[in-house]
Amino acid sequence: MPPAVAQQAVDWWLLLMGADASAAQRAACQAWCAADPLHAQAWERIQQVNEQLSGWVAPQQAGLARATLAPARRAARRRTVQALALLVFGGGAAWQLQQSAPWQRLRADARTPRGERRRMVLEDGTQLVLNGGSALNIDYSPQQRRLHLLEGEMLITTAADARAFVVETAAGQAQALGTRFVVRAGDDGSTRVSVFEGAVRLRPRQSPGDTQVLQAGQQAQFGARHISELAPVHEESTAWTDGILIARGMPLADMLQALQPYSAAALVCAPEVAGLRMSGSYPLDDMARVLATLDSLPELHVRRLTRWWGREEVVLEPAANTAR
């Protein structure tokens with residue numbers, strides 16, 4: 001069983017075992033199973049293991065995912081998900097799966113699938129809004145409040161507390177100084193922080209002495225060794241929390257990056273149009289409408305591709321490249 005398929009199967013199963021799983025999510029899972037015989041095989045294996053366990057334990061304990069959904073036992077949840085891979089797939093596939101970045105995200109304390117947002121209130125009263133395709137671990141102790149953003153984006157409104165509040169990413173740390181801010185983990189390992197209230201101190205992982213404090217109205221991107229120049233940020237950039245993307249002269253490449261958490265297919269931008277400036281309001285929950293709007297622009301053409309390995313892509317390229 002390919003590790004990527006195994007990860008997707010477990011991901012779907014954990015999602016559907018939740019009490020708030022929707023009919024649309026169940027239909028999407030059925031479509032995923034029907035798309036490839038390997039998908040159906042992985043799903044059948046999960047169902048078989050769950051049925052076997054249901055016969056061995058009391059009804060109230062049946063279902064592997066119950067332990068994974070207990071918010072008060074995050075460490076137990078991660079161990080249970082790890083055991084799930086071994087029970088369902090075993091051998092090399094399970095080992096490769098557990099070493100992969102997607103698997104680490106799968107074991108996260110809080111996750112959102114693509115196309116969905118999630119609002120959370122942590123035990124100290126801190127409020128979070130997770131963008132689509134996000135994952136984080138939560139580490140609260142008597143000494144500190146620490147979030148580890150593995151993937152995606154979140155808006156944080158911190159609650160008053162004597163303990164330090166720190167967000168960890170692959171790039172380093174963002175320490176809140178009583179604030180409301182957004183942290184976005186990029187696919188390239190960089191992190192963008194935008195501050196709307198209070199201040200945030202950035203500290204690159206491999207250059208901890210090179211810190212930068214962002215004030216309200218400022219944003220910066222940083223990697224493991226450096227911090228970019230400060231840039232202004234506007235409140236409308238948080239419109240994604242209400243399902244809207246507002247673009248004002250936004251480069252097309254940046255716009256596609258913002259839309260990606262709401263698209264099952266990879267959004268690819270041809271270099272020739274990457275810098276095209278986009279403006280307007282776009283509904284994040286209606287990606288077909290957004291792509292149709294972009295395709296109607298005289299400068300652009302939207303092309304759909306399915307690669308031989310099964311990856312779906314939506315390519316935005318110059319209209320001159322095709323017959324309109």
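**Chat about a predicted chain**

Modeller: To start with the charged side chains: Arg-146, Glu-168 and Arg-205 are linked in a network of salt bridges. A salt bridge here is a side-chain nitrogen of Lys or Arg within 4 Å of a carboxyl oxygen of Asp or Glu.

Biologist: And what kind of model is this?

Modeller: This is a predicted model, where local features need pLDDT of at least 70, side-chain atom pairs count only at pLDDT 80 or more, and totals for chains, interfaces and linings use all residues. Residues are numbered from 1 along each chain as its sequence is written, and side-chain values use heavy atoms, with hydrogens and water left out.

Biologist: OK, what pLDDT does the protein chain average?

Modeller: The average is 82, and 77% of the residues score at least 70. pLDDT is the predictor's confidence in each residue, from 0 to 100.

Biologist: Is Glu-168 buried or exposed?

Modeller: Buried, with a relative accessible area of 12%. Arg-205 counts as partly exposed at 43% relative accessibility. The cut-offs are under 20% relative accessible area for buried, over 50% for exposed and partly exposed in between, with a 1.4 Å probe and protein chains only.

Biologist: How many salt bridges in total?

Modeller: The count comes to nine. One of them joins Asp-285 to Arg-117, with the closest N and O atoms 3.0 Å apart. Asp-285 is in the loop between E16 and H9 and Arg-117 in the loop between strand E1 (110–111) and strand E2 (118–121), so this pair ties together parts that are 168 residues apart in sequence. Asp-285 counts as exposed at 53% relative accessibility, and Arg-117 as partly exposed at 27%.

Biologist: What does Arg-248 pair with?

Modeller: Glu-236, in a salt bridge of 2.8 Å, N to O. Arg-248 is in strand E14 and Glu-236 in the loop between E13 and E14, 12 residues apart. Arg-248 is exposed, with a relative accessible area of 63%.

Biologist: Switching to helix H9. Which residues of H9 are buried?

Modeller: Met-287, Val-290, Leu-291 and Leu-294, in a helix that spans residues 287–295. Seen down the axis, they fall within an arc of 95°, so they line one face of the helix. That arc is taken from the directions from the helix axis to the C-beta atoms.

Biologist: And what's on the face turned away from them?

Modeller: The exposed residues Ala-288 and Arg-289.

Biologist: What do the buried residues pack against?

Modeller: Those of H9 pack against helix H8 (252–259), strand E16 (277–283), strand E17 (300–306) and strand E18 (312–318). Leaving aside neighbours within four places in sequence, Leu-294 is in contact with Met-255, Met-278, Tyr-282, Leu-300, Val-302 and Leu-316.

Biologist: How many residues does the largest nonpolar core have?

Modeller: It has 30 residues, and those with the most contacts inside it include Leu-294, Met-255 and Leu-316. H8 gives the most to this core, with five residues. A nonpolar core is a set of buried Ala, Val, Leu, Ile, Met, Phe, Trp, Tyr and Cys residues joined through side-chain atoms within 4.5 Å. Apart from it lies another core, of 27 residues, among them Val-200 and Leu-202.

Biologist: Last one: where is Gln-175?

Modeller: In strand E7 (residues 172–176). Gln-175 counts as buried at 19% relative accessibility. Not counting residues up to four places away in sequence, Gln-175 touches Ala-164, Phe-165, Val-166, Ala-199, Val-200, Arg-201 and Arg-203.

How values were computed
Helices (H or I, at least four residues) and strands (E, at least two) are DSSP runs, numbered from the N terminus. Contact means heavy atoms within 4.5 Å.
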